[in-house]
Each structure stands twice: as structure tokens, then as C-alpha cells.
Amino acid sequence: MANAMLLPALISFLILPFSSLALTQDFCVADLACPDTPAGYPCKPGVGAGDFYYHGLAAAGNTNNLIKAAVTPAFVGQFPGVNGLGISAARLDIAVGGVVPLHTHPAASELLFVTEGTILAGFISSSSNTVYTKTLYKGDIMVFPQGLLHYQYNGGSSPAVALVAFSGPNPGLQITDYALFANNLPSAVVETVTFLDDAQVKKLKSVLGGTG
């Protein structure tokens, strides 16, 4: 009984220092000249209004590529003002027939807001491999929980555009196809762990620039 009564006090004791730290500093604009750390970049000395402003999402991304899609980031590396604030953003452009293949963001959840066109999107739960899919139209939003495999592709006859918010300043990105076929992981290993045959693996490695 005594231990149960002490638990809330212990939790409060552990949380309080971090809460106090967060409240004693309004912001910490990243000093990109210094190395990134697990806690974020060190604070830049001397900041101005420009450090809290970014125009990089105004222009459409170049979709003239293999996947016919482009992600323009406003992560801490491009927008130092988000350092330590637990947020970042991006612009997503998808041409007709374009796709953002299955991928994950290991360090953030994602909120996608469609501003133009039609996007088919979905994610896969980690516990039961349940697939959650939705067709999104202009004005729709969809959330993709942190670390889960998800995708988006253009489901219409015109270019699609979306604005994306992340729950971290540097969400990270790993695209499944590129992780398997765009590096030097030996084909024999890929075949073993994916159940694909040799011809399929070598074809995908050729398309994505992999070796081995």
C-alpha cells in the first residue's frame, strides 16, 4: 500500500525537472554549424524573426523522377526554428500516376492535409498487420502513427498536393523498397528474407540502383 501511494509522487518527481526545463526557455533555434544530438541541435546565439520563417514550401517539388512524386521538407535542417519544438512540416507533390512507396518515419507521427487533387493513402498496424486505407480529397486530412508503414499515391487525373505536419523536428525516413533494393545487400539475402526469386530481386536492384 505504501509503495502504491509513493508511485504518483515518484512519477511527479521524475517529470518535474523536464517540465521545468521546457518552461524556462521559449525556444532554441538550431545552430546547424554544430553536430546534431539525440536531444537536438545546440541553440544558435542571436536570433531574429527570420529564424522562425521559411518560404521553402511555396514552390512545387520536381516530380520528374521514378516515383513521380516529390517531398519538400521543412525539417530542422531546412528550418532551424523548429528545433526542440516537437514539430516540422513538408510539402508533398504527386503527379498523375505517382506514388510515395511504403515507408516509415521512425521519429514522428504524420498528419497529411490534401490541398489539391486526390490521394489514396493508408497505413499498416504493427500488432495485427491490419490495413487502414482512405481516399482523400481536397480539404481532407489523415494521420499516420509514428513508425508504421504507410503510403500515398495519386488516385486522380490531375496533380495532387498535400501539406504534411510531423510531431518531431526531424522525423526520419526509410522507404522499404530502397532499403531492400537500393543498396549492396546481397541478392541471396534479399531472396531469403522476402521469398522473391532471383530474377525479381535483380530487376528491382537494377531499377533502384542496388548492387550485389
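Author: A nonpolar core is a set of buried Ala, Val, Leu, Ile, Met, Phe, Trp, Tyr and Cys residues joined through side-chain atoms within 4.5 Å. Buried means under 20% relative accessible area, exposed over 50%, and partly exposed in between (1.4 Å probe, protein chains only). The model here is predicted: local features need pLDDT of at least 70, side-chain atom pairs count only at pLDDT 80 or more, and totals for chains, interfaces and linings use all residues. Residues are numbered from 1 along each chain as its sequence is written, and side-chain values use heavy atoms, with hydrogens and water left out.

Reader: Which residues have the most contacts inside the largest nonpolar core?

Author: In soluble globular proteins, nonpolar side chains tend to be buried together. Here the largest core holds 20 residues, and Leu92, Ile94, Leu112 and Ile119 have the most contacts inside it.

Reader: Which strands each supply at least two residues of this core?

Author: Strands (E, at least two residues) and helices (H or I, at least four) are DSSP runs, numbered from the N terminus. The suppliers are E2 (88-94), E4 (110-116), E5 (119-124), E7 (141-144) and E9 (160-166). E9 gives the largest share, 4 residues. Another core, of 7 residues, lies apart; Leu57, Val76, Phe79 and Val82 are among its members.

Reader: What does leucine 112 touch?

Author: Contact means heavy atoms within 4.5 Å. Not counting residues up to four places away in sequence, Leu112 touches partners including Leu92, Leu136, Ile141, Phe144 and Val164.

Reader: Where does UniProt place the feature "binding site"?

Author: UniProt positions are given in the numbering used here, feature names are shortened, and annotations may be inferred rather than shown by experiment. The unreviewed UniProt entry places this feature at His105 and Glu110. His105 is in the loop between E3 and E4; Glu110 is in strand E4.

Reader: Is histidine 105 buried or exposed?

Author: His105 is buried because its relative accessible area is 7%. Glu110 also falls under the cut-off, at 4%, so Glu110 is buried.

Reader: Which side chain does a polar contact join to glutamate 110?

Author: A polar contact is a pair of N or O atoms within 3.5 Å; within protein, one must be able to donate a hydrogen and the other to accept it, and residues adjacent in sequence count only if both atoms are side-chain atoms. In this model, the Glu110 side chain pairs with that of His150 at 2.8 Å. His105 touches both Glu110 and His150.
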